[in-house]
There are 2 protein chains.
Amino acid sequence: MSAQPRTETLLFAASDHDADAFYFSAIFVPDPFIAFTHRSRRIGLASQLEFARMCRDSSLDEVLPLEDWAERAKAQFGVANAQPADIIASLAAHYKIQQFRVSDSFPFGVACGIQARGLNVLPANGQLFPTRELKTDAEAAAIATGNKASVAGFKVVERMLKAATIQRGTLWLDGKQLTSERVRTAIEIACLERGAHAVNTIVAGGDQACDPHCRGSGPLRANQLIIVDIFPRVAATGYFGDMTRTYLKGTPSPAQVKLVETVLAAEQSAITRHIAGADGTAIYNEVCQQFVAAGFTTAKVNGVPTGFFHGLGHGLGLEVHEPPRVSRNGSKLVAGQVITVEPGLYYPGLGGCRFEDVVRVTDASPERLSAHPYRWLVK
Amino acid sequence: MSAQPRTETLLFAASDHDADAFYFSAIFVPDPFIAFTHRSRRIGLASQLEFARMCRDSSLDEVLPLEDWAERAKAQFGVANAQPADIIASLAAHYKIQQFRVSDSFPFGVACGIQARGLNVLPANGQLFPTRELKTDAEAAAIATGNKASVAGFKVVERMLKAATIQRGTLWLDGKQLTSERVRTAIEIACLERGAHAVNTIVAGGDQACDPHCRGSGPLRANQLIIVDIFPRVAATGYFGDMTRTYLKGTPSPAQVKLVETVLAAEQSAITRHIAGADGTAIYNEVCQQFVAAGFTTAKVNGVPTGFFHGLGHGLGLEVHEPPRVSRNGSKLVAGQVITVEPGLYYPGLGGCRFEDVVRVTDASPERLSAHPYRWLVK
């Protein structure tokens with residue numbers, strides 16, 4: 001009877017930026033560190049600089065001193081400087097590990113080094129920690145806190161738009177033109193005051209909003225739709241909020257009213273369909289059909305995509321975009337998934353509109369993790 | 001005569017987070033995208049969602065539509081969904097590329113997929129773009145702009161500390177205790193108002209500051225050293241600033257005065273030594289010797305590191321920590337490198353002190369990219 005090779009999970013990443021590393025260690029570390037499982041215990045390596053903090057604040061079962069293991073690797077392999085792969089190989093020898101399972105985003109250079117030391121490295125081919133997709137009550141609450149920071153941002157936008165005056169078609173506030181940049185800064189300050197960092201916040205008006213990832217720049221205009229998409233990360237927990245509202249200051253055209261009402265109706269109806277067992281592709285297709293039925297087609301016009309040309313939603317958690325995706329290639333929804341619902345329609349000339357909320361999938365009706373009115377028209 | 005296999009550079013990363021991808025494309029994209037060189041032309045793939053923006057705003061020579069290449073890969077390999085590795089293999093076939101050079105942080109899962117399609121993937125084993133280490137005037141200016149955001153933060157700290165009162169040993173401002181969290185939020189707002197995002201800003205007093213990566217929490221106390229380390233990223237350019245100052249509100253002990261004066265003298269003298277051709281290890285060792293000569297030893301006390309136990313500096317640019325490192329294992333400095341100079345001393349009970357500035361290495365005297373007084377004592 002031959003023994004199975006011992007396979008353990010290995011990470012090498014900075015948990016400030018890598019969601020798996022934070023999920024595994026529950027501590028923010030700015031530089032990449034080695035962490036691994038051994039018989040279901042979670043072990044991390046810390047330099048002197050991080051050792052005390054990692055022992056005290058992480059969820060790891062054991063913290064090993066990096067410098068000691070670097071010395072060990074130098075002796076074992078006869079190298080002047082121990083690379084991360086050397087240290088990992090030393091750990092593998094000590095803990096009798098033959099192969100490591102790693103995330104698909106594991107650094108290729110380190111993987112090559114480990115392989116060169118005779119160990120197997122297997123990519124997860126999917127999620128390293130599938131449980132990350134299914135949020136606990138505490139995680140759902142952390143995401144809801146992120147959305148409250150988004151809401152603080154929307155309240156600032158609404159106050160600014162209400163107080164703004166219209167001069168020759170553009171918006172003015174406190175004697176200065178109201179620009180995307182000014183509104184963005186005000187939003188991000190409001191998020192900071194709620195303990196969350198918002199970066200790349202979208203405040204895009206007119207045709208700029210028809211490019212869904214355009215952040216927006218320059219003066220905001222009256223009678224144009226303005227998309228505001230705020231996805232702040234809560235500093236204390238690392239979880240993101242993600243919400244979008246669309247506004248118009250002034251007087252909308254009938255076509256703009258119809259656009260907004262169509263997107264909002266699609267969003268509200270799609271939200272109710274996020275129930276365990278539902279088919280993501282079917283929910284996405286239904287939104288497409290609602291848009292077509294209302295006369296909003298999706299097609300390239302002069303090479304530019306118009307209509308509804310992005311996914312309906314994505315998982316939200318320690319990353320702002322994480323599994324699952326609800327789109328043309330969706331899958332069955334599972335209780336515990338936290339998903340954005342964000343249909344949008346974009347037509348250069350007419351403008352863009354998107355509404356985005358966040359739900360947790362349950363066996364019964366979806367649990368809403370975001371709440372803010374849809375008062376898009378500001379007089 | 002056998003032909004050399006055609007090797008090109010390949011990237012697959014989100015340029016919002018990956019410095020190489022931003023350096024290559026000059027556009028911020030939130031999700032990973034494929035980019036590669038072909039005979040010194042830079043080519044990127046964009047989904048419909050990013051296509052127009054990438055054509056307009058990136059520095060790429062050509063942008064290819066992702067969806068078309070996904071269809072091509074599906075047909076070529078007979079798969080229902082084209083993975084990034086499949087699309088890359090299709091591109092390689094079309095452009096007659098046999099192997100790709102990738103960054104050490106290239107995602108292992110994708111590399112395995114590319115290898116499975118019969119292509120070679122070679123890690124850079126070091127920097128993918130060595131020129132990133134040598135900053136142009138425009139890059140140096142962008143880093144200096146980041147440091148101006150840090151300075152805006154220090155000014156806020158100094159105003160708050162000056163206005164604060166001391167009640168039973170802790171600091172109070174506007175009727176509330178002055179905490180690390182409050183000061184951090186005020187700093188990060190000041191950075192935002194300068195167009196830069198500061199995250200994980202350190203405001204750590206007393207023994208908290210002896211753990212150099214501790215962000216700091218809770219009430220700030222009088223007569224204790226407070227380390228403030230601000231490293232904001234300029235939204236427009238992606239470049240970071242990184243500066244540290246140490247403060248004390250109240251009355252310092254003679255030992256605290258000596259600690260601060262020793263660190264400051266070491267920092268100022270180390271700055272002047274950052275000249276092309278100088279040996280980084282020698283500069284680091286000199287700081288160590290200055291500390292020992294002043295009576296400040298470096299050793300573990302009860303398992304806790306004390307003294308000067310981190311590197312002297314690191315490269316700064318599109319990442320807050322990038323090559324080179326100036327430390328025990330330093331290398332010769334090269335003109336164009338932008339480096340932080342940040343000696344520190346840490347003794348639980350006495351407190352921690354660090355000063356950090358940024359220089360660009362030249363053949364003559366170092367070019368300072370940061371400027372702010374060292375008025376550490378606030379009455």
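This note sets out points on the symmetry, charges and backbone of a predicted model.

1. Conventions. Residues are numbered from 1 along each chain as its sequence is written, and chains are lettered from A in the order in which they are written. Local features need pLDDT of at least 70 and side-chain atom pairs pLDDT 80 or more, while totals for chains, interfaces and linings use all residues; side-chain values use heavy atoms, without hydrogens and water.

2. Symmetry. Chain A is superposed on chain B by a rotation of 180 degrees with 0.0 Å of shift along its axis, at an RMSD of 0.0 Å (least squares on the C-alpha atoms of residues with pLDDT of at least 70 in both copies). The two copies are therefore related as by a two-fold rotation axis. Both copies use the same surface, since 100% of the contact residues of chain A recur in chain B (contact means heavy atoms within 4.5 Å). Of the residues of chain A, Phe108(A) comes closest to the rotation axis, with its C-alpha at 2.2 Å.

3. Salt bridges. Over all chains, the structure holds 34 salt bridges (a side-chain nitrogen of Lys or Arg within 4 Å of a carboxyl oxygen of Asp or Glu). One of them joins Arg132(A) to Asp20(A), with the closest N and O atoms 2.8 Å apart. Arg132(A) lies in the loop between β6 (120-123) and α6 of chain A and Asp20(A) in helix α1 (residues 19-25), so the pair ties together parts that are 112 residues apart in sequence (helices are DSSP runs of H or I, at least four residues, and strands runs of E, at least two, numbered from the N terminus).

4. Backbone geometry. Most residues other than glycine have a negative phi, and most peptide bonds are trans. Ala26(A) has a positive phi, near 55 degrees, and is placed in the loop between α1 and β2 (33-38) of chain A. The peptide bond from Pro323(A) to Pro324(A) is cis, with omega near 0 degrees; Pro324(A) belongs to strand β18 (residues 322-326) of chain A. In chain B, the bond from Pro323(B) to Pro324(B) is cis, with omega near 0 degrees.
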